[in-house]
Amino acid sequence: MNKMRTFPIFMLLVLLTTSPVYAKPQNDLASLDSVLSIRDTFLKNKKRRIDSIKSRIPVNAPIMDKLKGYDRLYEEYLTLSFDSAMKYINLAEKLVSDTGDYDLNAKVKIHKSMSYATSGHFSQAIDELKKIQSSCLSDTLLEKYYQAYQWTYGLWAEYSQDKTFAPIYYRNSKTYLDSLIQVTPRNTSLYNYRIAEKALMFNHDFETAKKNYLKVVDKEPKNSRLYAQSAFALAQAYNNLQDRANYRKWLINAAISDQMIPLKENLALQDVAILIKNEDGDLERANAYLTYSLNDALEYNNRLRILEIGKKLPAIATAYQETVLAKNKQLHLYLVTIVIIVIILIIAIAIIIEQKRKIRNRNVTLSTFNDQLKVFNKQLQETNRSREQYVNLFLNLCAGYIDKYNRMQLTVTSKVKAGQYNELQKLLQANSRPSEAELREVFFNFDTAFLRLYPDFIKNVNTLLQPDKAICPKSSELLNANLRILALIRMGITDSTKIATLLFYSQQTIFNRRTEMRNRAINRDSFEKEIMDICPIYPE
C-alpha cells in the first residue's frame, strides 16, 4: 500500500463540498465511468440475490440447510455490510452451539474473525481464532483457518504502519500465508493467487507475481472478488516493474470489478483517483472517485479504508490549494493597495503640513485649517474601516465554507439508502469536526493576526470588566474562547450563529458565554458596543 500524508481539515471540507460531476473524460476511463454511473444497479442486483437466498431458508428448515444459507449470506455481506454479516454469523453460532460438531463451531469462529478483520477489529479477530485448535480441523476448514490468520495480520500491519508492531504482523501474515499455500489445492486460481501474493509482498519477485496474477485474471469472471483482488495486486506488480501503462490498465480493471461485485472496499478506485490526479491533472474526477470510496467506507464502517482515504485526500487537496494560493495573491494585492494608500496619505499629510505653513503665513483663519484637518481625519477613519472590512470579508468567507460543508452533510444523509442510517449519520457528524491539533493551529493563526492589529485588546477588554472578573488567558494561549468571541464581535461579526460556526461551538454555548461576559462588565447594557469601539493600532 502507498505511504500517505496527513492534511489540514480545511482542505477536506473544501473537497467534499465540490460537485461530483467531472469533465475531461479519458478514453481508458470511459468504461469505469460507465460502470460507476450504474453502480446502484449492481447493488440492487446483489440485494435481489441476497433476498433470493433468504427466501430459500424457511423457518422450519433442517439445521444444515439453514447453516448453508447463513454461510452464503455471510459471503455476500462480508465486504458489503459488517452488521449484516455479523447478524448471520450470530444466527449460525446459535444453531451450531448445541450440535457438538467441532468443525461447524470452528467455521463460525473463522467467519466471525474474517468479519472483524475486514471492519478493522483486528484484536477481536485474533481472539476468535485463538479459540480454535488447528489440529482438530478438517483439511477444508484448515485452509479457511490459515486464510483468516493471514488476512487479519496482513490488514493489521497495513493499519498500523509503524516500526514496532507492523513488522511483527507482516511476519505473522507471511507465516500463515506459507501454511495456507501448503494446504491449497494445486493448479487452481487460489493457488496461483497465493503464490503471487507471496512473491509480491514478501519476496519482491514481481515477475513471478505478475505471471501468477495473470493466470488468475484469465480464468476468473470479472465480477468475482478473486478477479478484483488479483487485478489490483497485478497493478502493483506492474508498478514495481516500472510499467506505468499496465499499472494504469489493471488498476482501472480492478476498480471496475469492485463496482460489478459490488463491494464497499473501493481501494482500487482510491488509487485510480491519485493516478489521474498525478498523470491527467483531473482534480474533479479524482475528487468524485474518492467521494465514492469515502461514502462506501462510511456505509460499511470500515476503519482501515476510512483512514486510507483520509490520508489520500491531501494529494488532491494540495493541487486544489494552488487555486487558494491564487486567491491569496489577490488578497496580497489588496494589501499592497492599502500600503500604497497609506503612502499617499503620508504624502497628503506632508502636503497638508505645507499648506498649513502657507496658510499661517497668509494669516488664514484657524477655522479654515481645522475644517481641512477634519476632512483628513475622516479620510483616515474611512481607510481604517476599509481594512477592517477586508478582515470581516475573509472571516465571512470562512463561515460560508463551513456552512456549505454542513449542508453537504445533510445532503449525504438524505441520500443514504437502506442500511445503517443512524450509525452513518453519527459517524458523519463525528468526522465533521476538525481535530484538536488543527483547531489549535487555526486559533493560533487567528489570535496572532488579530493581536497584531489590536495588541492592547486584552488590556482594553479588562478595563470594561469588573476588577475582580478580568479575563486572563493561560500562559500557553494568546486568546481564550471568551476573548475570541469578543474579538469576532470587534471585527463586526455579532451573529451568534456565525460565531458558533467559526469557533466550532454550539449556538447555545456562544449565547451563554456572551451573557456571562455581559454580567461581568461594568456597564452590562453597553458592553458589546464598547468592545466594538476599541481602536486598532496599525504599525508605523
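Predicted model: local features only at pLDDT ≥ 70, side-chain atom pairs only at ≥ 80, totals over all residues.
Residues are numbered from 1 along each chain as its sequence is written, and side-chain values use heavy atoms, with hydrogens and water left out.

Student: How many of the residues of α13 are buried?
Tutor: Helices here are DSSP runs (H or I, at least four residues), numbered from the N terminus. Buried means under 20% relative accessible area, exposed over 50% and partly exposed in between, with a 1.4 Å probe and protein chains only. Helix α13 covers residues 244-260, and its buried residues include W250, L251 and I252. The count for α13 is 12 of 17.

Student: Which elements cover the buried residues of α13?
Tutor: Contact means heavy atoms within 4.5 Å. The cover of α13's buried residues includes α2 (30-37), α3 (39-55), α11 (206-219), α12 (225-240) and α14 (267-280).

Student: Why does the end-to-end distance of α10 agree with its number of residues?
Tutor: The expected span is 1.5 Å times one less than the number of residues. Helix α10 (residues 189-203) has 15 residues, so it should span 21 Å, and its end C-alpha atoms agree with this at 20 Å.

Student: Is T152 buried or exposed?
Tutor: T152 sits in helix α8 (residues 139-160). Leaving out residues up to four places away in sequence, it touches S113, A117, F122, A125, I126 and L129. Because its relative accessibility is 0%, T152 counts as buried.

Student: Why is the pair of Y153 and Y176 called stacked?
Tutor: Rings of Phe, Tyr and Trp (its six-membered ring) pair if their centres lie within 6.5 Å; planes under 30 degrees apart count as stacked, over 60 as edge-to-face and the rest as tilted. The whole structure holds 20 aromatic pairs. For Y153 and Y176 the centres are 6.2 Å apart and the planes lie at 15°, so the pair is stacked.

Student: Which helices does the pair of Y153 and Y176 tie together?
Tutor: The two residues are 23 apart in sequence.

Student: Is F165 buried or partly exposed?
Tutor: F165 forms a stacked pair with Y169, at 6.3 Å centre to centre and 20° between the planes. Y169 counts as buried because its relative accessibility is 11%. F165 has 44%, so it counts as partly exposed.
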